[in-house]
Amino acid sequence: MRTVYEASKLKQEIESAKGESLRSFKSDKLLIEKYFTNIRHVEIQIFGDKYGNVYHINERDCSIQRRHQKIVEETPSPAVDPQLRQAMTNAAVQLGRRLGYVGAGTAEFILDEKTKKFYFLELNTRLQVEHPITEAISGLDLVELQLLVAQGANLKQMGILDNITFRGHAIEVRLCAEDPENDFSPRTGTIIKWSPPTDLEGVRFDTGIQDGSVISAYYDSMIAKIIVHAPTRTEAIRRMAAVLKRTVIAGITTNQSFLLSIMNNSCFQSGTFNTSFIQQERLFLPFEVHQIIPSIMAAFLLDWFTRHNKQVYLKNVPSGWRNVKWRYKHIQFIVQGKQKTIQVQYEYVGQSHDKQYQFKAQLLSNEEKEEPIISITMHKPQINQQHVGSNGIQGSQGLLRYEMNGIQHYLYVAEDIRDIDDKSIFAHNFADGQQHELIKVNRLKSQSVVAEDDKGTY
């Protein structure tokens with residue numbers, strides 16, 4: 001796609017687009033359309049049978065897009081009133097009838113919200129990724145309908161599409177293995193932990209992933225669809241935010257935090273947005289270390305607890321004990337994707353009678369001011385220990401709860417051990433739904449040799 005703002009550049013862009021199209025699709029045919037800078041993307045679900053019957057199942061708003069691809073969809077659209085809905089659905093049904101359309105289809109339009117004018121974009125001759133939200137508000141199974149139509153069913157005689165009762169509001173987000181802060185470029189890796197909340201009402205997950213699933217470069221970056229249904233749009237947004245906060249997906253970079261920032265955005269919550277929403281809104285806030293202190297401390301505690309459990313001899317002697325204290329122990333992490341190195345200085349104070357571990361800790365950073373000393377109380381974690389699996393050493397993972405200066409924090413933590421001296425810790429904070437990857441710096445590795453052959457394989 002190319003946008004041309006000046007007539008003098010039209011010929012150059014046409015030639016460039018034709019060449020690209022020819023190389024990619026073996027065809028240099030182009031479609032030239034009027035371009036709108038502020039527009040909504042609204043589509044109508046239609047269904048037809050071989051007897052000439054065509055019905056609509058309301059609209060979906062797909063205006064939240066990145067790289068011209070949908071990322072959030074909802075129904076009904078906050079931009080469509082009853083009169084406009086009738087006009088758009090009538091247009092879609094008429095289109096289906098003139099085509100003699102059979103099966104499920106989606107008539108897509110762009111909508112000028114100010115003038116209430118809409119323009120035909122395309123007809124997708126299949127079920128869309130976002131069809132579950134239509135199912136949620138209509139109570140229909142669109143896949144079942146497709147099969148019935150393919151078997152020769154008469155939609156008019158069935159009567160289920162004549163008087164549909166639409167209930168509530170539904171939202172779908174596409175959970176993708178991608179980095180939103182790096183132009184939404186796709187990411188690959190292995191999913192260490194996949195734990196969606198299954199106890200929330202009106203929530204549906206469409207996915208095929210599980211613990212250990214490998215996300216390769218050969219398929220689309222979408223790894224799950226999250227669908228919520230609630231009586232009102234406000235409740236649906238609130239429910240989606242709760243689901244995103246509680247969904248654990250460790251081991252790979254995703255757009256989970258980005259989706260949560262959309263749900264928390266005031267323009268999205270008010271329904272005043274268009275296809276330029278992601279470019280116009282401040283969804284990427286400047287990174288500050290204090291924002292992820294809970295995750296840093298969780299990574300430190302997991303690493304300490306894993307090492308503590310490995311003690312074979314002198315188990316009653318605290319790790320790092322010295323007869324004469326001359327300096328605090330420390331551990332360093334690199335915050336993945338942020339180019340920040342954080343050092344945690346700490347002292348293990350001891351263990352209480354109720355199996356709580358006491359620490360004093362302090363954060364040090366070269367680029368930011370020194371943080372004050374922090375008092376930490378860690379409850380005995382629910383951590384699975386490291387073990388040797390078919391793919392090598394599998395890291396520790398589980399739930400970790402601790403108090404930091406009297407404030408309780410609850411996170412899921414997981415180690416990703418890639419080699420003997422290469423380990424990351426993923427920390428998912430249930431309070432704000434943020435996940436961070438913290439790469440442990442091996443303090444014994446030579447800093448002068450860039451690529452040592454000391455991987456332990458002989």
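Predicted model: local features only at pLDDT ≥ 70, side-chain atom pairs only at ≥ 80, totals over all residues.
Let's start with the strands. Eight of them make an open sheet, and their order is β5-β4-β1-β2-β3-β6-β13-β11, with antiparallel pairing. At the edges you will find β5 (117-124) and β11 (203-207), each of which pairs on one side only. From one strand to the next, the twist averages 25°.

Now look at one pair inside this order. Strand β3 (residues 69-75) and strand β6 (residues 169-176) run antiparallel and are joined by four bridges. To find your place there, look for Thr-75, which stands opposite Ala-170 in β6.

## Helices on the sheet

Helix α4 (residues 142-150) packs on the sheet, where it touches β1 (40-48), β2 (54-66) and β4 (103-112). The direction of α4 makes about 40° with that of β1.

Helix α7 (residues 256-263) lies across β2, β3 and β6. Relative to β6, α7 runs at about 150°.

## Two helices side by side

Packed helices are described by the angle between their axes and the distance between the axes. For helix α6 (residues 233-246) and α7, the axes come within 9 Å and cross at roughly 155°. Angles over 145 degrees count as roughly antiparallel, so α6 is roughly antiparallel to α7. The crossing of α6 past α7 is left-handed.

Which residues make the contact? From α6 come Ile-237, Met-240, Ala-241, Leu-244 and Lys-245, and from α7 come Gln-256, Leu-259, Leu-260 and Met-263. Sorted by class, this contact of α6 with α7 has seven nonpolar residues, one polar and one charged.

Terms used
Residues numbered from 1 in each chain as written. Heavy atoms only, no water. Pairing = 2+ DSSP bridges. Helix = DSSP H or I, 4+ residues; strand = E, 2+ residues; numbered from the N terminus. Axes fitted to C-alpha atoms, helices over the stretch in contact; angles between N-to-C directions. Contact = heavy atoms within 4.5 Å. Parallel < 35°, antiparallel > 145°, perpendicular 65-115°, else oblique. Left-handed = near helix turned anticlockwise from the far one by under 90°. Nonpolar A, V, L, I, M, F, W, Y, C, P; charged D, E, K, R; others polar.
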